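Hi everyone, thanks for coming.

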Amino acid sequence: MKTQRRSLTWIAFLFLFLVVAMTGCSQNSPKQLKNAYRNMFLIGTALNRMDILNPDSPSLPVVKMHFSSITPENVMKWEVIHLEPNRYDFTAADAFVAFGEENNMHMVGHTLVWHSQTPAWVFKDVSGEPADRETLLQRLRDHISTVVGRYKGPLHAWDVVNEALEDDGRYRQSPWMRIIGKEYIEKAFQWAHEADPHAKLYYNDFNMWYPGRREKVIQIVRDFLSRGIPIHGIGLQGHWGLDYPPLEALEESINAYADLGLEIAITEMDMDMLPSPGPYTGADINAHFEARKEIDPWHDGLPDSMQVVVSSRWVQFFQVLNRHHDKIERVTIWGVQDGASWRNNWPVRGRTAYPLLFDRNYRPNPAFDAIIKLPVEK
Ligand code: GLA
């Protein structure tokens, strides 16, 4: 009896040991990108509708394994969540948040105010004429308080205003700007803060390393801070390529934004590696068979030589980001696997791009293998 009890105790002990060892491993495994970077910054990805609404999507195990933060690529944009006046559709956004909560992830809402992917009704009155200033302000306020209010708590941050500036720093002449004037930006931040005082509120834009845009962002943020308008973060969309941005310009910009004392995130990182499309911009690749080789050169796969070029560029970027990890809160890769990236369809539809860290079969690519090793090599 006694021996039996003793062996049972041993079995229980062994079992417990195995559970603890396995949990420990999975939380600290150097094979998980998020863990390799856990002392640097959060590593995020963007989820699309197909992943969010399909519990069997092959993306989900990859997301759970490698990423600590998620952003919805499209399902919180105005045209999805609020397609018609007085009718919100939270189906996919709710599923996104539920997935993040179940997996204890950092979550970013994207995006509240943008000139693109916003339905036309937002800017019009009942007769189809441009809406007046008061109407548009009221719509903006309702939208922000409804959407931010709904996810108050589980969402940690919001891309509040997206792409409000031109490369040279002028305000983009979007309908927001034309109808309301530049105050739409501060109003959006104020209303988002009212709806969720704990969420970190970001201004998000591309080419944030262009001097004109950078100076303007800095000027706006300083002004907001001096007037007590809540803004907590700057999002640098990382739609970067093999030959842009210059690493020094990226580094200078990170330093300049960090001097403002705000959080910095690289919000939408992917690698543009297809040739510049010239006259084919906006076209569908299928309409240009004769030019396919020239504008879609890697339709049948990326040759090793090219893979080397792409992954060394990822390494260069991550070396810069790692050097400044104390200033960077999060680096979000804009999607999970190459086949789902918007890069396959912009600026030409139907090309074959390789902009992310996982291939079309969800296998990590050489860029992944290279960047996951960087932090331990330091
Ligand atoms: C911009 C937006 C993103 C996304 C990309 C393309 O960067 O911020 O939401 O639409 O364009 O995917």
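So, a search of the whole structure gives four cavities of 30 Å³ or more. By cavity I mean a set of points, on a 1 Å grid over the protein atoms alone, where a 1.4 Å probe fits but cannot get out; lining residues have an atom within 4 Å of a point. Points are joined across faces, edges and corners, and a volume is the space filled by probe spheres set on them.

A word on the source: this is a predicted model, with local features needing pLDDT of at least 70 and side-chain atom pairs counting only at pLDDT 80 or more, while totals for chains, interfaces and linings use all residues. Numbering runs from 1 along each chain as its sequence is written, and side-chain values use heavy atoms, leaving out hydrogens and water.

The largest cavity holds about 70 Å³. Its lining includes L165, F189, Y203 and F224.

Now, the ligand: where does the ligand sit? In the largest pocket, a pocket being an open set of points with protein on both sides within 12 Å along at least five of seven lines. Around the ligand we find, among others, K77, H110, N162 and E268, where being around it takes a heavy atom within 4 Å.

For polar contacts, take pairs of N or O atoms within 3.5 Å. A ligand oxygen is 3.0 Å from a side-chain N or O atom of H239, a ligand oxygen is 3.2 Å from one in W334, and for E73 the distance is 3.3 Å.

Notes:
Polar contact = N/O pair within 3.5 Å; in protein donor to acceptor, adjacent residues only side chain to side chain. Sits in = over half its atoms within 2 Å of the grid points.
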